[in-house]
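Keep the structure open while reading.

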Amino acid sequence: MTILNFAMVSLVGFSQLAAAEDACLQPSPADMAEAAGVELPKLPWHLINIWWDFEKPVEHFTSLEMEITIDRDIPSDYNLYISPCGIAKINGLQFYGGIQTNINGWHGKESRERVFPGKGAIFSRWSSDKTTPIGLEHVRVADADNLVESAGYEGEFASVRRPFSWTKGTYIYQIVKGASETLDGKENTWFDCRVKDSEGKIHEVGSLRFEGTDFTFWERHSAFVEVYSTQKIPNSGIPKAVITFGWPRLNGAKVALKKASAYYPDPTKGTTGTPDCAWVKADGEKCRVEIGPIFKRDESQRRHDLEIIKTAD
């Protein structure tokens, strides 16, 4: 065997070994983009956005539950954000959250040193106008390992995060109304974030304070999957994976829907651009996200309906 043939066989063997160890492994985004004949926009990349349009807003909001299923373990070598709560509004106040392969933030309200503990869950809210700073007094931690952040680099927000070693399987991301309190003569309410695993174990994430005591959840809901950038991993690969989102449950029941739809951000549109590498498909009452190689999308398919079918509660 020549040296060249030996090197080629070794490379193939290494690639097969790497793929066996990492079920998410794909070529680099740059290599996939070159092969597809497209340019890579800047990170972050919202691979998909799902929207559920309700028949009407949900009054006296007390809880949101979103089921997510991940078909394989996604290593922390990637920066993947699975958000079953992409944008939610209660009385016009916006919040969002989910699970990430790499959470980061400040370890304590007095620290400003960014730390990177690995996998975890997050819960964040913006200020009422997204321009007025919102401080860490709006954040309550669940335990000493929590991370927090209050900043304005993507609109003024406050956030609580907590390490949580999630893997493949099914989880329920929950936002639950908690205790109310009076502060400077104004009523406020804490909302608690937790994640329930398939064995029923509750992983407490932390709480955020919202202005008011009686809340109306707006007439829609969203979810997304995102590849993001961190100081630890500035240029993440795109993991091959299948992620499934369940039917939104509000106040303990599946919400009545007008329709569900998918949207894939245009890769030519600046900061919202994303390399096309995923599809959303209806799967009974669920929405199935399939992430794979980069391709050129037919522009007529950049938005499409999802014909999901509600089953019994």
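Q: Is phenylalanine 123 buried or exposed?
A: The relative accessibility of phenylalanine 123 is 0%. Buried means under 20% relative accessible area, exposed over 50%, and partly exposed in between, with a 1.4 Å probe and protein chains only. Phenylalanine 123 therefore counts as buried.

Q: Which strand holds phenylalanine 123?
A: Strands (E, at least two residues) and helices (H or I, at least four) are DSSP runs, numbered from the N terminus. The run in question covers residues 114-126. Phenylalanine 123 lies in strand S5.

Q: How far apart in space are phenylalanine 123 and aspartate 313?
A: In sequence, 190 residues separate phenylalanine 123 and aspartate 313. In space, C-alpha to C-alpha, the separation is 26 Å.

Q: How much confidence does the model carry, as mean pLDDT?
A: This is a predicted model: local features need pLDDT of at least 70, side-chain atom pairs count only at pLDDT 80 or more, and totals for chains, interfaces and linings use all residues. Residues are numbered from 1 along each chain as its sequence is written, and side-chain values use heavy atoms, with hydrogens and water left out. pLDDT is the predictor's confidence in each residue, from 0 to 100. In this protein 93% of residues reach 70 or more, and the mean pLDDT is 92.

Q: Is valine 115 buried or partly exposed?
A: Valine 115 is also placed in strand S5. Leaving out residues up to four places away in sequence, valine 115 touches Ile103, Asn104, Gly105, His107 and Leu147. Its relative accessibility is 25%, so valine 115 counts as partly exposed.

Q: Which residues does serine 63 touch?
A: Serine 63 sits in strand S2, residues 63-70. At 12% relative accessibility, serine 63 counts as buried. Not counting residues up to four places away in sequence, serine 63 touches Ile175, Val176, Arg249, Leu250, Asn251 and Gly252.

Q: How many strands does the protein have?
A: Two helices are part of the secondary structure. Among contacts with a separation of 6 or more, 70% join residues 24 or more positions apart. The strands number 19.

Terms used. Contact means heavy atoms within 4.5 Å.
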